[in-house]
4 protein chains.
Amino acid sequence: MADPRSNGSDLRRAILDRTRRMLVEVGYNNLSMRKIARSVGCSATSIYLHFENKDALLHALIDEGMEQLNASLQEVAASHTDPAERLEALSRSYVDFGLENPEYYEVMFMLHPERMARYPAEKYRRARRNLELFAEALGAGADAEQFDVADPAVAASVLWAALHGAVALLLAQRVDVRFERDAFAETVVRHAIAGFCFQADPV
Amino acid sequence: MADPRSNGSDLRRAILDRTRRMLVEVGYNNLSMRKIARSVGCSATSIYLHFENKDALLHALIDEGMEQLNASLQEVAASHTDPAERLEALSRSYVDFGLENPEYYEVMFMLHPERMARYPAEKYRRARRNLELFAEALGAGADAEQFDVADPAVAASVLWAALHGAVALLLAQRVDVRFERDAFAETVVRHAIAGFCFQADPV
Amino acid sequence: MADPRSNGSDLRRAILDRTRRMLVEVGYNNLSMRKIARSVGCSATSIYLHFENKDALLHALIDEGMEQLNASLQEVAASHTDPAERLEALSRSYVDFGLENPEYYEVMFMLHPERMARYPAEKYRRARRNLELFAEALGAGADAEQFDVADPAVAASVLWAALHGAVALLLAQRVDVRFERDAFAETVVRHAIAGFCFQADPV
Amino acid sequence: MADPRSNGSDLRRAILDRTRRMLVEVGYNNLSMRKIARSVGCSATSIYLHFENKDALLHALIDEGMEQLNASLQEVAASHTDPAERLEALSRSYVDFGLENPEYYEVMFMLHPERMARYPAEKYRRARRNLELFAEALGAGADAEQFDVADPAVAASVLWAALHGAVALLLAQRVDVRFERDAFAETVVRHAIAGFCFQADPV
DNA sequence: GATGAATGAGCGTTCATTCAT
DNA sequence: AATGAATGAACGCTCATTCAT
């Protein structure tokens with residue numbers, strides 16, 4: 001308002017930012033259009049000028065998060081040629097993203113499925129692209145006999161599950177508080193990757 | 001529905017049972033005191049005679065869930081002496097519990113912390129007992145040089161994260177639908193345990 | 001409240017009465033649950049204790065109106081043996097009911113059909129019973145060669161249309177204000193019945 | 001939708017046309033300025049450049065409807081010299097107009113007066129002109145001793161009531177569905193006119 | 001002449017909870 | 001121990017309208 005160059009999409013931006021923040025603060029169930037409006041400083045009606053409805057607002061948030069996560073992972077993938085190193089870097093990057101952007105991570109991966117049912121399936125493609133980066137590294141590692149992996153696609157999801165579980169429990173503060181957060185994350189990454197390595201013959 | 005001759009404690013029992021059932025049927029978000037009351041066959045007010053409020057009711061439910069999960073895991077733990085076998089059986093049991101009691105699992109492990117703010121921290125102890133079963137198996141396996149594990153407590157949480165991630169993603173239907181559910185769960189369990197095994201020397 | 005013997009259904013009664021009155025005052029489109037509540041002096045929520053929803057409230061109003069109208073007509077029908085006299089008395093009674101109970105009449109016969117779509121078809125039976133009283137008189141009159149009527153059922157609806165048209169226009173204040181209301185109604189009744197009489201041969 | 005070269009008066013025209021069409025398609029209650037604007041292809045704000053508010057827009061529409069109905073009736077009146085024939089043709093024309101333009105008819109004749117409070121009384125004159133056409137035919141018929149009519153003005157309103165009642169009930173789908181619509185309308189017209197004819201002496 | 005942004009008021013409805021009985 | 005009546009707050013959303021540009 002103060003800035004004459006400000007246009008309408010500033011409000012859109014503000015709505016997205018506040019919503020993202022409020023999601024972490026009050027949780028999805030306690031989030032309402034009115035509360036968002038109050039927090040942003042506009043009327044509830046105004047939100048509907050920028051987003052068709054509550055779902056569309058959350059979808060937009062998911063889109064942004066996916067875009068950001070994907071950008072991070074792409075960059076990381078591009079800067080590591082060795083499959084094992086790449087996989088480790090990708091995993092760290094994923095966990096870091098989750099821990100550093102709890103607001104995005106919650107909407108993206110921790111929302112109730114029923115609520116996201118209407119999220120256009122086509123948009124999940126970007127989510128799948130993330131998985132493919134893991135799958136490629138796993139596939140390359142298998143070819144180089146670094147990993148004992150039968151199906152890289154399945155393996156990618158397995159790895160994802162391990163990383164997601166760690167992020168989810170950490171964000172929900174359900175991990176023993178005596179464990180240092182980053183160290184725990186690091187252990188998780190190493191453990192998950194170790195799970196794909198060839199095991200020593202039992203003596 | 002409620003037997004008129006039943007005493008109060010029976011009503012409490014009935015409320016818990018119906019709530020649990022409704023949780024599975026209609027989901028957490030669609031659960032309301034009135035709906036529970038209607039399903040039980042008592043008045044909404046009556047629920048307040050047995051539970052302070054909605055949160056308290058859910059807490060009681062979580063307690064029961066934890067008890068149930070704990071009972072399963074205790075039984076499994078008792079019937080396997082070999083640490084590796086025990087760990088595997090515990091892991092499978094945990095995943096099975098989650099997949100078979102989806103909405104139960106959600107309330108127990110996937111609800112945002114802010115919702116459970118009032119949930120007495122002390123009650124999480126029972127949750128921790130579950131973790132200890134895993135830690136014991138891991139510790140025993142380490143002693144038997146089956147597992148390459150430095151700190152069994154941390155390792156237990158790492159394993160938990162992997163299992164939880166898989167359950168969470170499966171329940172949220174975020175895992176590629178082409179993967180068969182049980183097979184995926186099995187792969188996850190094996191992978192997670194493999195992550196604790198000694199690795200072959202790279203050639 | 002003042003009267004200790006008053007029970008909950010006093011509120012139900014009050015809601016019905018105020019709604020009926022408000023319907024005439026502000027019209028259907030401007031009627032809201034909140035306005036009703038404000039007028040009654042209770043909370044909007046309380047209305048839902050007595051009526052499932054807005055439609056159900058209006059349906060109840062229609063029921064009452066139909067009941068009353070039917071009672072009037074039944075009584076009138078019973079007290080006239082001569083078909084022509086009976087028909088005339090029924091017609092007058094119908095018009096009188098409409099003019100004296102505009103609130104009821106509007107909900108019963110002037111509401112938009114789309115709105116009343118959900119009105120249980122079975123309840124229209126009582127409305128049909130009213131028509132049958134007219135049809136019986138017309139049939140009897142035809143048998144007595146008082147009326148030139150081929151199909152009493154059709155004739156009853158034709159008569160109804162004439163009476164309804166007069167009531168509707170009068171209530172909507174669309175009839176020339178210089179015509180005295182009751183005289184006009186009387187003329188309408190006589191004209192409508194004359195329409196069923198044998199006509200003189202044109203000379 | 002709107003041709004960019006069109007001038008303002010075209011937009012006014014377009015708004016009226018689309019509103020009329022939408023009135024038929026979605027009904028009065030579901031009509032909103034925004035929906036009209038979307039349908040016309042202009043902004044909601046633009047409607048206010050041509051019509052003071054929603055009521056004014058509807059008033060303009062009523063004007064047009066009255067004009068149109070009046071034109072039909074004028075034409076019909078001009079093409080029949082015999083009073084009885086003319087009256088019949090006018091009645092049929094009126095009923096046809098109502099049945100063919102249902103939602104139009106509703107706005108013109110079935111809307112509650114309180115909604116049209118601001119509708120300038122002077123504009124009702126055109127409505128009265130329609131009535132006069134009926135009155136003239138009735139008067140001429142009385143002079144020709146075709147009709148037994150004391151006051152043609154009153155008789156015109158009585159006839160109007162009968163026709164309006166039929167249209168209103170038919171539009172509200174309150175007439176027995178087993179009656180064929182056009183046949184019923186025809187019967188109504190004949191009955192209404194018969195009501196003005198000299199009756200045979202009772203034997 | 002035309003618009004996009006914005007809003008306050010209002011909608012029907014559901015919620016967890018309280019209170020008198 | 002149990003309930004029916006009642007309520008304030010909140011929900012997502014739509015409305016007619018205004019105003020600066």
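At 2% relative accessibility, F184(D) is classed as buried. This is a predicted model. F179(D) is buried too, and its relative accessible area is 17%. Both values fall under the 20% cut-off for burial.

The two rings pair up. Their centres, in F179(D) and F184(D), lie 6.1 Å apart. The planes meet at 20°, so the pair counts as stacked.

## Aromatic pairs and a cluster in chain A

Over all chains, the structure holds 26 aromatic pairs. One of them joins Y94(A) and F134(A), with ring centres 6.4 Å apart. Their planes stand at 80°, so this pair is edge-to-face. The pair links distant parts of the chain, 40 residues apart. Y94(A) belongs to helix α5 (residues 83-100) of chain A, and F134(A) to helix α7 (residues 124-143) of chain A. Y94(A) and F134(A) are both buried.

Y94(A) and F134(A) also sit in one aromatic cluster.

## Lysines over tyrosine rings

In chain B, K54(B) lies over the face of Y28(B). The distance to the ring centre is 5.9 Å. In chain C, K54(C) lies over the face of Y28(C), at 5.3 Å from the ring centre.

## Confidence in chain A

The average pLDDT of chain A is 89. A score of at least 70 is reached by 90% of the residues. Residues 1-6 of chain A stay under 50. For this stretch the model has 1 contact beyond four places in sequence. Where pLDDT is low, predicted coordinates should not be read in detail.

Definitions and conventions:
Residues are numbered from 1 along each chain as its sequence is written. Chains are lettered from A and ligands numbered from 1 in the order in which they are written. This is a predicted model: local features need pLDDT of at least 70, side-chain atom pairs count only at pLDDT 80 or more; totals for chains, interfaces and linings use all residues. Side-chain values use heavy atoms; hydrogens and water are left out. pLDDT is the predictor's confidence in each residue, from 0 to 100. Contact means heavy atoms within 4.5 Å. Rings of Phe, Tyr and Trp (its six-membered ring) pair if their centres lie within 6.5 Å; planes under 30 degrees apart count as stacked, over 60 as edge-to-face and the rest as tilted. Helices (H or I, at least four residues) and strands (E, at least two) are DSSP runs, numbered from the N terminus. Buried means under 20% relative accessible area, exposed over 50%, partly exposed in between (1.4 Å probe, protein chains only). A charge sits over a ring if NZ of Lys or CZ of Arg is within 6 Å of the ring centre and within 35 degrees of the ring normal.
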